[in-house]
Amino acid sequence: MVCRGCCCGTPKVPGLDHRAQLTDLRASLAGVANVRPTDCLDACEQANVIVIQPSAEGRKAGGRPVWLGLVNGPDAAADITAWVKAGGPGLAEAPDILDLYTFAPSRRIRQALDD
């Protein structure tokens with residue numbers, strides 16, 4: 001999921017072509033993963049936010065959604081794409097560089113997405 005709500009994907013995060021970021025993610029992951037824009041994920045202080053959901057196989061292997069914030073450059077998007085292509089949560093170790101972007105959303109936000 002790629003947040004495109006009140007802060008993410010808007011001029012509030014300057015210096016990034018938000019439309020191009022979404023287009024590039026979709027093109028890079030075509031046939032590998034669905035890239036879905038979503039409304040505000042209520043983590044505006046982390047804009048732009050991307051949530052990587054594990055595949056069914058990844059979930060069976062113990063993978064859980066990974067929240068990435070401040071994804072405001074092409075290098076971060078390329079690292080995310082490479083990880084998803086390698087299998088993503090539960091199936092492939094995330095590159096160490098993604099530790100810089102990983103954050104834990106509030107329990108309320110996580111529960112709302114699980115419903």
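Two residues are in contact when heavy atoms lie within 4.5 Å. The exercises below apply this and related ideas to a predicted model.

**Exercise 1. Describe the surroundings of Pro89: where does Pro89 lie, is Pro89 buried or exposed, and which residues does Pro89 touch?**

Step 1. Locate the residue. Pro89 belongs to the loop that joins helix 3 (74-86) to strand 5 (102-103).

Step 2. Judge its accessibility. A residue is buried if its relative accessible area is under 20%. Pro89 has 5% relative accessibility and therefore counts as buried.

Step 3. List the contacts. With residues up to four places away in sequence not counted, Pro89 touches Ile52, Gln53, Pro54, Gly58, Gly63, Arg64, Val66 and Trp83.

Step 4. Consider a distance between C-alpha atoms. Pro89 and Glu57 are 32 residues apart along the chain, and their C-alpha atoms are separated by 9.6 Å.

**Exercise 2. Examine the backbone: what is the form of the peptide bond from Ala47 to Asn48, and what is phi of Asp42 and of Leu70?**

Step 1. Recall the general rule. Most residues other than glycine have a negative phi, and most peptide bonds are trans.

Step 2. Inspect the peptide bond. Between Ala47 and Asn48 the bond is cis, with omega near -5°. Asn48 is situated in the loop between strand 2 (37-38) and strand 3 (50-52), and Asn48 is also one of the residues in contact with His18.

Step 3. Inspect Asp42. Asp42 has a phi near 60°, which is positive although the residue is not glycine. Asp42 is located in the loop between strand 2 and strand 3. With 37% relative accessibility, Asp42 counts as partly exposed.

Step 4. Inspect Leu70. The phi of Leu70 is near 60°, again a positive value in a residue other than glycine. Leu70 is found in the loop between strand 4 (66-68) and helix 3, and at 43% relative accessibility Leu70 counts as partly exposed.

**Exercise 3. Characterise the whole protein: how many helices and strands does the protein have, and in what order do the elements run?**

Step 1. Count the elements. The protein has 4 helices and 5 strands.

Step 2. Read the order. Starting at the N terminus, the elements follow the pattern β-α-β-β-α-β-α-β-α.

Step 3. The C-alpha trace spans about 40 × 30 × 25 Å along its principal axes.

Step 4. Of the 115 residues, 41% are buried. Among contacts with a separation of 6 or more, 61% involve residues 24 or more positions apart.

Step 5. Consider surface and charge. The protein exposes about 6700 Å², and carbon and sulfur atoms supply 50% of this area. The protein carries 12 positive and 13 negative charges, whose mean positions are 7 Å apart.

Technical notes. Residues numbered from 1 in each chain as written. Predicted model: local features only at pLDDT ≥ 70, side-chain atom pairs only at ≥ 80, totals over all residues. Heavy atoms only, no water. Helix = DSSP H or I, 4+ residues; strand = E, 2+ residues; numbered from the N terminus. Buried < 20%, exposed > 50% of the residue type's maximum accessible area, 1.4 Å probe, protein only. Areas by Shrake-Rupley, 256 points an atom, 1.4 Å probe, with all protein chains shown as cover. Lys, Arg positive; Asp, Glu negative; His and termini not counted. Charge placed at Lys NZ, Arg CZ, Asp CG, Glu CD.
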